[in-house]
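Here is a short briefing on one protein model. Keep the sequence and the 3D view open as you read.

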Amino acid sequence: MSGSKIKDVSAKTSKQWREDGVVLIKEAFSSYWLDILVDGIEQAMNNPSPIARDYVGDSGGRFFTDHHMCRRIEAFRKFEEESNVTELAAKIMQTEKLNYVDEHLLVKEPGTENKTHWHQDLPYYEIGGPDFGSFWIPLDAVDENSGALRFVIGSHRSGKIYQPVRIAEGVLVEEADQYDGPVPNIDENPDLYEVVSYDMEPGDALFFHAGILHAAFPNKTTNRRRRALSARYAGNASYWQPRPYVPAGNNTQDLVEGGALDSEAYPVVWRN
């Protein structure tokens, strides 16, 4: 019922995450947990939070996003607290402690022409340090036609932080720092970048570094949803790094720049 056995997360898996920035875990979560998440997603979409976003393209479809569902919906709380998700994340990062950062729901309905534009997660969150990663957990079969993720392998090791964009529109966020400028034009320079994407089945999961450049295809299918949950965590070497644009929101008034994350905003959810 729990999903991937923790012993299956090897030193090789952790090394791949550190070097490539992304690793695919097959059959990471059992059907028991997928059923719970499916129920939670329907609740979230029927009762969105104040920070939810609902994008509709010119040709129709729907791209829905929301955050922090476990704080208000029992299905997500149960998954966060009782599944294998936190221990898997901790083992991949090889950390002694794990802080919850965010859950991000991303649903592309059939016929959604909005691609997810190239970006890093890092500039959207107030987290510094090398131990910051996300699970991406699809609840539907995913391929290039239905909204699979794309990654520039090793791009998290460049040391650059790019100006964030509004992911469904590709427009630069003016409220954010410019950092190292806009994301380079990856699609028009394919010889300069190693880009990969993954076909996935429900229960599979990607774990990727917050600094890796990634994007996603539109959902061009006519009959297949693309429901996915990103669960984000920070490890030992992470610290609070205030940034001007934080769409997920959080009450961080008691935190100190450069200090530990442990707080109501970023609770410790796993210890060795």
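A residue is called buried under 20% relative accessible area, exposed over 50%, and partly exposed in between, using a 1.4 Å probe and protein chains only. By that rule F29, at 4% relative accessibility, is buried. The model is predicted: local features need pLDDT of at least 70, side-chain atom pairs count only at pLDDT 80 or more, and totals for chains, interfaces and linings use all residues. Residues are numbered from 1 along each chain as its sequence is written, and side-chain values use heavy atoms, with hydrogens and water left out.

**Nonpolar cores**

- A nonpolar core is a set of buried Ala, Val, Leu, Ile, Met, Phe, Trp, Tyr and Cys residues joined through side-chain atoms within 4.5 Å.
- The largest core has 40 residues, and F29, F76 and F135 touch the most other members.
- Helices (H or I, at least four residues) and strands (E, at least two) are DSSP runs, numbered from the N terminus.
- Elements that each supply at least two residues of this core include β1 (22-25), α3 (74-82) and β7 (132-138).
- Helix α2 gives the most, with 7 residues.
- A second, separate core has 39 residues, including L106, L122, I161 and A265.

**Aromatic rings**

- Rings of Phe, Tyr and Trp (its six-membered ring) pair if their centres lie within 6.5 Å; planes under 30 degrees apart count as stacked, over 60 as edge-to-face and the rest as tilted.
- The count comes to 11 aromatic pairs.
- F29 and F135 have ring centres 5.8 Å apart and planes at 80 degrees, so they pair edge-to-face.
- This pair links distant parts of the chain: F29 lies in the loop between β1 and α2, F135 lies in strand β7, and 106 residues separate them.
- F135 is buried, at 0% relative accessibility.
- Y32 and W33 are also edge-to-face, with centres 4.9 Å apart and planes at 80 degrees.
- Y32 is partly exposed at 31%, whereas W33 is buried at 3%.
- Ring pairs link W17, F29, Y32, W33, F79, F135 and F207 into a cluster.

**An open sheet**

- Two strands pair if DSSP finds at least two bridges between them.
- Four strands form an open sheet in the order β5-β13-β8-β11, with antiparallel pairing.
- β5 (116-119) and β11 (195-197) stand at the edges with a single partner strand each, so one side of each has no neighbour in the sheet.
- Strand β8 (residues 149-152) is joined to β11 by 3 bridges.
- R150 stands opposite S197 in β11.
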